[in-house]
Amino acid sequence: MVLTKQKPAKEPRSVTILGSTGSVGRNTVDLILRHPGDYVVEALTGNSNVPLLAEQARQLRPRLAVVANSDAYAALKDELSGSGIEVAAGPEALVDAASRPAEWVMAAIVGIAGLQPTLAAIRRGATVALANKECLVSAGAVMMGEVQRCGAVLLPVDSEHNAIFQVLDRSQVDHVEKIILTASGGPFREMGRDAMAKATCKQALAHPNWSMGAKISIDSATMMNKGLELIEAFHLFPVPEERIEILVHPQSVVHSLVAYEDGSVLAQLGSPDMRTPIAYTLAWPRRIATPAPRLSLHELGTLTFEAPDAERFPALNLARKALRLGGNAPTILNAANEEAVVSFLDERIGFLDIGEVVEETLAGIPSRPVRTLEDVFEADAAARESARRAVSNLSERP
Ligand code: NAD
Ligand code: MG
C-alpha cells in the first residue's frame, strides 16, 4: 500500500481583539464567526459592556476576557463562571491581554486608552490591525519607532488607509505625486454655520453612510475625523504632509486614491462596510470572503466629489497645523478633541464649541518636542486640563 503524504492542515491564526464590544470589535467578531476553524482567540477586551463581552466569550472561547472598568469585574466573573475562561479587569489587565502570544491583534479601543495595550502588542512584534487612530495621532513618532525597533507589522483598518495600503506600490513611493483621502463630509456637509451651532447630539451622531461608535461619529460631523486621518496617513505612509489631500465624496464608495507622476490614479472601491477593510487585515496577506454588500456601480449611477469647506469645518486646518508644528501639537490636538467630544455628548457645550476648545487648547500650550512616551502623557494631561477649563468657560456662558 502506498501512503500518500497528507497536506499539513493550515494552522489557525491566533488573534486578540482589544475593544471587541465596540463597532469595529463587533465586526471583527462577526468575521471570525463566519470563518470557523481559521482563527483561535487568545483574548477579548471591553470597557464595561459585560453581557456582550460574556456572549462573545461564550461564542469564541478565548483564553482570557478583560473588562477595563474594574467595577465590572464581579459581573463578568459571574457570567463566565464554570466556562474555563480566565477573567481579569483594569488597565493593567488590558496590557496583559495584548501581551499574550496572539499572532494578530485588533487594536479597536477608542481614544488614548488604547495606547498602552497597542504598544504592548507592537513591542512583542505582533501583527497589529490598527483601528484606534487616536493613539497613532497622539504618539505617532514613538509608536512608529517601536514598530521599527520590534519588527511589528502595522496594518491599517481605517477604510481610507486600508485603501491606500492596498493600492500604494511601496517600490514606487518616489513616484507618488499625492495621496487623496476621501471624506463623506458627515451629516452636516450641507448645513450652514448657524444651524451647525444649534446641532444636537442626535443629529451629529446620525452618519449618512457608516454605522460607528459615538466618538468617531462626532469626529465625522466636525470633520476632525479627516484631520486625525491626515495625521494617521502621515505616519503610515512615506509621503509628506503637503502631498496628502482631502476630497469630499459623499457616497463613501471610493475609499481613497494614490496619484503617481505618470498621471495614473489608483483607488480602492467598495460599499461602506467596515468588514471589508477588517477582513483585509484579518487574513493578510491573503483575502477572505465577507458578506459586505456588493458594489453595483450601475445602480449607484453617479459618484460625486467636492472640495472640503475649511470655513465650516475648521478641524481640517487645525489638524494640518498641528501636523506641521509637530512635537507635542498632534498630542494636544487629540486630547483636546477627546475632551471636547465627551463634553458635547454630555451636552455641556455646543457643536461648534468643539473646534473652539481644540483651537484654544492648541494655542495655549507651548510647543515641545516629543521623544518618549512620558512626553506624550505629559502633553496629553496638560491638554486635557486646559481643554476642561475651556469647556467650563464655554458652558458657564449666559
Ligand atoms: P466604539 O465606541 O464602538 O468601541 C470602542 C471600544 O473600546 C469598545 O469595545 C469599548 O468597550 C472600548 N473602550 C472604550 N473606552 C475604553 C477604555 N477607557 N478602556 C478600555 N476600553 C475602552 O468605537 P468604534 O467605532 O469601534 O471605534 C474604535 C476605534 O476605531 C476608534 O479609534 C475609531 O476612530 C476607529 N475607527 C472606527 C471605525 C468604525 O467604523 N467604527 C472606522 C475607522 C476607525
Ligand atoms: Mg476612516
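**Aromatic pairs, cores and ligand sites**

Phe165, Tyr280 and Trp284 are joined into a cluster by ring pairs. Rings of Phe, Tyr and Trp (its six-membered ring) pair if their centres lie within 6.5 Å, planes under 30 degrees apart counting as stacked, over 60 as edge-to-face and the rest as tilted. The model is predicted: local features need pLDDT of at least 70, side-chain atom pairs count only at pLDDT 80 or more, and totals for chains, interfaces and linings use all residues. Residues are numbered from 1 along each chain as its sequence is written, chains are lettered from A and ligands numbered from 1 in the order in which they are written, and side-chain values use heavy atoms, with hydrogens and water left out.

By this ring rule the count comes to four aromatic pairs. In one of them, the ring centres of Phe165 and Trp284 are 6.5 Å apart and the planes stand at 50°, so the pair is tilted. Phe165 belongs to helix H7 (residues 159-167), while Trp284 lies in the loop between helix H12 (275-283) and helix H13 (297-300), so the pair ties together parts that are 119 residues apart in sequence. Helices (H or I, at least four residues) and strands (E, at least two) are DSSP runs, numbered from the N terminus. Trp284 has 26% relative accessibility and therefore counts as partly exposed; buried means under 20% relative accessible area, exposed over 50%, and partly exposed in between (1.4 Å probe, protein chains only).

A further pair is formed by Phe188 and Phe351, whose ring centres are 4.9 Å apart with planes at 85°, so this pair is edge-to-face. Phe188 is in the loop between strand S8 (176-183) and helix H8 (193-197), and Phe351 in the loop between helix H15 (329-345) and helix H16 (353-364), so that distant parts of the chain, 163 residues apart, are linked. Both Phe188 and Phe351 are buried.

A nonpolar core is a set of buried Ala, Val, Leu, Ile, Met, Phe, Trp, Tyr and Cys residues joined through side-chain atoms within 4.5 Å. The largest such core has 92 residues, and Leu115, Leu333 and Phe351 have the most contacts inside it. A second, separate core of 35 residues includes Tyr39, Ala65, Ile85 and Val157.

Helix H10 (residues 214-222) is mostly covered, with seven of its nine residues buried. Among its buried residues are Lys215, Asp219 and Thr222. The cover over the buried residues of H10 includes helix H6 (133-150), helix H9 (201-205), helix H11 (224-236), helix H14 (315-325), H15 and H16, where contact means heavy atoms within 4.5 Å. Met223 follows H10 and has a positive phi, near 70°.

An N or O atom in the side chain of Thr21 is 2.8 Å from an oxygen atom of ligand 1, and a backbone N or O atom of Ser23 lies 2.9 Å from an oxygen atom of ligand 1.

Definitions and conventions
A polar contact is a pair of N or O atoms within 3.5 Å; within protein, one must be able to donate a hydrogen and the other to accept it, and residues adjacent in sequence count only if both atoms are side-chain atoms.
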